[in-house]
Amino acid sequence: MKYRLIDQKYKFMSFFDTDTGAYLRTGILDKNGKDTGRDPFMGSFPNLIDVGIMGHCIHGKTGLCAKAGIGCYQSGLMVEKPNMRLEDFSWIAKQCRHKSNQFALGGRGDPDQHEDFEQILQICKENDIVPNFTTSGYGMNTEIADICKKYCGAIAVSWYRSDYTINAIKTLIAAKVKTNVHYVLGNNTIDEAIRRLKANDFPQGINAVIFLLHKPAGQGTCENVLDVKDPRVEQFFHEVDNLHPFKVGLDSCSVPGVIRFCKHILPQSLDTCEGARFSCYIDSDLTMLPCSFDQKKQYAVKLNPLTIEEGWNGTVFDRFRKRLKTACPGCRHQELCKGGCSLFPEIVFCDKDKKVNRFDDIKDKGEKDDE
Ligand code: SF4
Ligand code: SF4
């Protein structure tokens, strides 16, 4: 099914194909409906919602991610909450019908291990929402892979460098599921990333490798944060810039690095941090945040009875947007980059003076006055 959304408030259109996942957003339209070429800053409702259906991780006690060198940003080793209830998920999905295109199912653990996994996917389908998710692959089997084929867009397997990683990728590809690899890029994994990109050494048949920048959230450590001055960072982006037999993607948190180091990537294909602009996160207990990495809940809005739309248009989310709007005045990349990550300035691949102290600038002007 293909459909078009017209955002009357922010004057743009978006098109979405629920079968292929193809998504197109126009620039701001003038009064004659002509594209001005300027990107809208935000939409009047999130296009993509990260829905944290998992409240706890069945691998938490065994430390599956820690053994793979990944610090769970949701602190799955320590925090245990109930999974999202089916009626809460349904309440969310109904509000998003023909407003959000995609749900990225996630939270603290593998979404394919949720007790109501298939019903959750069915609810998405009933509301014309394409579900995607990331899994460790530990519990993947042919039955789950067939369910994914029936309902999901793409499935990503976290690169945990284990037998179960490879088995899950093979099982999903055999079920003809569009399968990606999600690779957390940090100090401890960048050498391997460069080597594998150079050698095109990722499993055959995958759709894409998506690099997700390590953040010091939850159990993610500061030691693993990459420094823009580390020569390996430039080398990595150089490899991203080259052609590969699979697609290579990056999370929007890496956009400042692409702007700085890549030469062949079209600026039109880049979208910097979409938090509170086109996407948000909803936790298993119905706490809504601009981004799932806001583990300190600095920008939390409690839903129910508050609706998603009310939370989206409230002052808390506006406070997050203000950071993106006012970051780095005078930088020629401001429009494209918006200062990068508002939560963790240390992960932004930029060392320009304009970036330095931008948070202090905002605080000096009384950031919280408008709440
Ligand atoms: S100064 Fe700010 S807007 Fe400019 S490239 Fe650096 S982080 Fe991005
Ligand atoms: S707030 Fe930071 S971590 Fe979250 S999506 Fe934006 S850039 Fe990434």
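1. R25 and D271 form a salt bridge, with their closest N and O atoms 2.5 Å apart. The term means a side-chain nitrogen of Lys or Arg within 4 Å of a carboxyl oxygen of Asp or Glu. The model is predicted: local features need pLDDT of at least 70, side-chain atom pairs count only at pLDDT 80 or more, and totals for chains, interfaces and linings use all residues. Residues are numbered from 1 along each chain as its sequence is written, ligands are numbered from 1 in the order in which they are written, and side-chain values use heavy atoms, without hydrogens and water.

2. The domain assignment gives domain 1 (1-40) and domain 2 (48-316); such bounds come from an automatic or database assignment. The two C-alpha centres lie 25 Å apart. Eleven residues from domain 1 and 13 residues from domain 2 make the contact (heavy atoms within 4.5 Å). Two salt bridges are counted between domain 1 and domain 2.

3. About 970 Å² is buried between domain 1 and domain 2, and carbon and sulfur atoms give 51% of it. This is accessible area (1.4 Å probe) lost on putting the two parts together, summed over both.

4. The largest nonpolar core has 86 residues; F89, F103, F202 and F236 touch the most other members. Such a core joins buried Ala, Val, Leu, Ile, Met, Phe, Trp, Tyr and Cys residues through side-chain atoms within 4.5 Å. Buried is under 20% relative accessible area (1.4 Å probe, protein chains only). Apart from this core lies another, of six residues, including C65 and Y160.

Conventions. Buried means under 20% relative accessible area, exposed over 50%, partly exposed in between (1.4 Å probe, protein chains only).
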